[in-house]
Structure formats: C-alpha cells, structure tokens
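Today I am looking up rings, helices and a few side-chain contacts, one entry at a time.

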Amino acid sequence: MWSSLSEWFWQDRFWLPPNNTWAVLEDRDGLVFAHPRDLLAALPLALALVVMRFTFERFVGLPLSRLLGVRDQARKPVKPNATLEKYFLTKGWKPKEPQMALLAAQCGLTLQQTQRWFRRRRNQDRPCLTKKFCEASWRFSFYACTFFGGLSILYHESWLWMPEMCWDNYPLQPLKPALYYWYLLELSFYISLLMTLPFDVRRKDFKEQVAHHFVTIILISFSYSSNLLRIGSLVLLLHDASDYLLEAGKMFNYTPWRKVCDTLFIVFSLVFFYTRLVLFPTRILYTTYYDSIAQWDTFFGYYFCNTLLMALQLLHVFWSCLILRMIYSFVKKGRMEKDVRSDVEESDSSDGEVAQEHLLLKNGAAHRPGAAPADGPRSRLVGRVANGHTATT
C-alpha cells in the first residue's frame with residue numbers, strides 16, 4: 001500500500017513539465033541534479049539549529065541585551081488565590097465585569113482588588129523584554145547571514161538580474177553545491193521555527209506566522225523536488241532582505257536606543273514595501289505566471305506553485321497593513337511605541353481605577369504627568385483638600 005501511494009505521489013505529471021520524466025534528472029556526465037531525497041538532511045539539521053539557538057541566546061543574546069541596556073520591568077507579585085487561579089487557568093484571562101464581581105464576592109475582595117489580581121496574573125505570564133531580545137537577536141543573526149550569504153551566491157548568476165532566465169533550459173538545470181547548502185539551511189531554519197513555536201513569544205499574528213512557515217516549507221520542498229531552485233532562491237533572497245532589518249529593529253526597540261530603533265524601522269518599512277509589494281509581484285509572480293509557460297504547457301506543479309506564491313503575497317499585504325498602522329503611530333507621535341503584534345504589560349491603574357490613588361499632593365499641586373489643568377474644577381477641589389479647607393474622612 002505504501003509503495004502504491006509513493007508511486008502515485010511521485011508521478012512525473014505532478015512535478016515536471018509535460019514530456020519530462022525523473023530519468024532526465026539523474027546524475028550523469030559529471031552533472032548533479034536536485035533529488036527529493038536530499039531534503040531528508042534538513043530534519044537533523046533543524047534539530048541542530050534548535051540547539052544552536054538556545055546556546056546562542058544563553059551565551060550571546062543575554063550578555064548582549066545587558067550590554068545594550070535591556071531592562072525587564074519590575075512585576076508586582078500575585079497573592080495566592082485558589083479560586084481566581086482556577087478561573088484564570090480554565091476559563092480565561094479576562095473575565096467580564098459581571099463575572100469579575102461574582103469572583104470578588106466569592107473571595108471577599110473588592111472589584112478593584114480582583115481586577116488588579118487578574119492584571120498582575122496576566123503580566124506574570126507575559127514574556128520579559130530580555131526573552132524577546134534574545135529571540136530577535138537569534139533571528140537577526142540567521143537572516144543577516146543567509147541574506148548576505150545568498151546574495152554572494154547569486155550575485156554572478158544571470159537569473160538574479162533577469163528572472164526570466166529561471167526558465168532557461170528548465171528542468172535540465174544542474175545543481176550547484178553552494179545553492180544546495182543555502183537551500184538546505186533555509187529549509188532547516190523554518191522547520192526549527194515550527195518546532196520552537198510553543199516556546200516562543202506568542203504574538204497577535206500567531207496564526208499568520210504558522211501559515212507563513214507552513215507555506216514556506218512546502219514551497220522550498222516543492223521547488224527543490226521540481227528543480228525550481230532558481231526561482232525559489234529569488235523568493236528566499238527577497239524575504240531575507242527585510243527580515244534581518246525587522247529583527248534588528250525589534251532588538252533596539254527593547255533598549256533605550258530609541259533613535260536607532262526609529263531609523264531601523266524607517267529603513268525596514270521602505271525595504272519591505274519595495275521587496276514584498278513591488279519586486280515580488282512584478283518580478284517573481286509575473287515570471288512564474290507568464291514566462292514559465294513560454295516553452296511548455298501548464299501542469300499540476302505550475303498551479304500548485306503559483307497558488308502558494310499568491311498565498312505568500314496575501315500574507316505580505318496583511319503585514320503591510322500592520323506596518324502602515326505603525327507608520328501612522330510613528331508620524332503621529334514622532335517615535336516608535338511598540339510592535340502592534342505584541343501584547344503589552346498592564347499597569348495597576350487600568351480598568352478605570354480611581355486615579356486619585358496615584359496623586360502625590362504637595363502644596364496643592366498634582367505631581368504626575370498629565371495632571372489636570374490648574375484652572376479646572378478638579379484642580380480647585382484638590383487644592384482645597386491639600387490646604388485643609390475640606391474635611392477629610
């Protein structure tokens with residue numbers, strides 16, 4: 001049964017253009033071609049990358065975070081409460097106000113105390129800045145190496161400058177060793193990202209990230225098996241061109257180096273929009289849709305590959321919308337605030353708690369940012385309290 005399934009799966013008409021068979025891709029006369037079985041080496045290499053990642057974060061990322069001034073926010077401890085803890089773990093992080101009031105009555109707490117408990121408990125499970133920095137530093141190091149390494153591999157290749165050359169004499173295109181190792185490293189990295197997703201910082205676009213990794217792994221595997229390495233290498237290079245800038249911006253976003261972060265964000269945005277929204281559709285998608293069938297008829301692999309590439313483009317549009325939101329915030333406030341995909345810690349004054357708890361009164365003035373105007377009714381009331389004109393309770 002397994003033999004029959006494998007024979008059906010590897011039919012020539014699925015993977016290769018019409019009138020071509022796997023026999024034409026057999027190694028001969030000193031020429032080496034891509035073979036699907038070569039990809040099995042990606043599995044142990046992915047495990048090795050996982051080990052390398054945790055080693056890098058421990059001995060490189062962590063000291064680097066301290067050197068650049070990354071400081072984790074102080075978190076107030078949560079008082080043990082079995083009732084609230086059970087609800088938190090089984091029913092949700094953010095109870096609605098009626099349920100919150102019920103929980104407060106059960107525990108003998110005020111509504112504000114119960115709200116504060118849930119905020120501190122949520123903060124307790126949020127990853128610290130150091131962890132975020134270490135993850136970003138690992139991805140930055142990898143993407144920077146693969147981008148500049150891939151650029152050096154493709155710099156002298158004709159298809160880098162003229163994508164239509166990706167189809168020259170296809171599928172009889174010999175495999176170059178440097179291209180094979182680069183391709184294998186990229187595939188292993190994305191497999192390792194899927195393996196470590198449960199341990200990584202969970203962001204708001206988690207589902208889109210998983211979809212992106214799956215599409216990328218399938219595209220790399222399919223393009224290698226079908227000897228579509230030329231067009232596949234261009235897709236990888238375009239993605240790495242902005243990815244390492246994104247991770248560099250994240251790293252400095254967790255440090256006091258605000259101007260560096262803002263500059264990297266601007267550069268990343270320009271590179272992202274140009275590579276993902278201009279070059280990718282006009283050079284990559286165009287050549288795979290039109291130039292690829294100039295010499296032969298369509299086949300299953302043509303539709304399959306273009307469908308996955310279009311799915312990538314839709315993800316590019318989704319992330320472009322997030323970046324535009326960040327640009328709007330940047331223009332409005334004059335600085336980068338945060339990654340809109342990230343969850344942020346909550347302060348103890350959230351959910352409409354009484355602001356007067358945090359007012360420090362001295363000579364009738366409120367010493368805190370954003371204090372009420374001096375001529376407002378609230379300010380006059382505070383002034384009377386501070387000067388003893390209103391009885392205290």
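**Charges over rings.** I started at Arg 58, whose charged end sits over the ring of Phe 59, 5.3 Å from the ring centre. My criterion was NZ of Lys or CZ of Arg within 6 Å of the ring centre and within 35 degrees of the ring normal.

**Ground rules.** I am working with a predicted model, where local features need pLDDT of at least 70 and side-chain atom pairs count only at pLDDT 80 or more, while totals for chains, interfaces and linings use all residues. Residues are numbered from 1 along each chain as its sequence is written, and side-chain values use heavy atoms, with hydrogens and water left out.

**Aromatic pairs.** How many aromatic pairs does the structure hold? I noted 38. Rings of Phe, Tyr and Trp (its six-membered ring) pair if their centres lie within 6.5 Å; planes under 30 degrees apart are stacked, over 60 edge-to-face, and the rest tilted.

Trp 10 and Trp 22 have ring centres 6.0 Å apart and planes at 70 degrees, so I logged the pair as edge-to-face. Trp 10 is in the loop between helix H1 (2-9) and helix H2 (12-15), and Trp 22 is in the loop between H2 and helix H3 (42-67), 12 residues apart. Helices here are DSSP runs (H or I, at least four residues), numbered from the N terminus. Trp 10 has 30% relative accessibility and counts as partly exposed; my classes are buried under 20%, exposed over 50% and partly exposed in between, with a 1.4 Å probe and protein chains only.

Phe 265 and Phe 330 make a tilted pair, 5.8 Å centre to centre with 50 degrees between the planes. Phe 265 lies in helix H12 (residues 258-289) and Phe 330 in helix H13 (residues 300-333), so the pair ties together parts 65 residues apart in sequence. Both Phe 265 and Phe 330 are buried.

I also found one aromatic cluster, with Trp 10, Trp 22, Phe 222 and Phe 304 among its members.

**Helix H11.** Does the length agree with the residue count, or disagree? At 1.5 Å a residue, the 25 residues of H11 (residues 229-253) should span 36 Å, and the end C-alpha atoms are 36 Å apart, which agrees. The expected span is 1.5 Å times one less than the number of residues. H11 bends by about 25 degrees at Asp 240, taken as the angle between axes fitted to the seven residues ending there and the seven starting there. I counted 24 of the 25 residues of H11 as buried.

**Side-chain contacts.** Glu 157 is in the loop between helix H7 (129-154) and helix H8 (158-161), and at 14% relative accessibility Glu 157 counts as buried. Which side chain does Glu 157 join in a polar contact? The partner is Lys 176, at 2.7 Å. A polar contact is a pair of N or O atoms within 3.5 Å; within protein, one must be able to donate a hydrogen and the other to accept it, and residues adjacent in sequence count only if both atoms are side-chain atoms.

Lys 176 came up again with Leu 31: they are 145 residues apart in sequence and 9.4 Å apart in space, C-alpha to C-alpha. Leu 31 is in the loop between H2 and H3.

Notes: Helix = DSSP H or I, 4+ residues; strand = E, 2+ residues; numbered from the N terminus.
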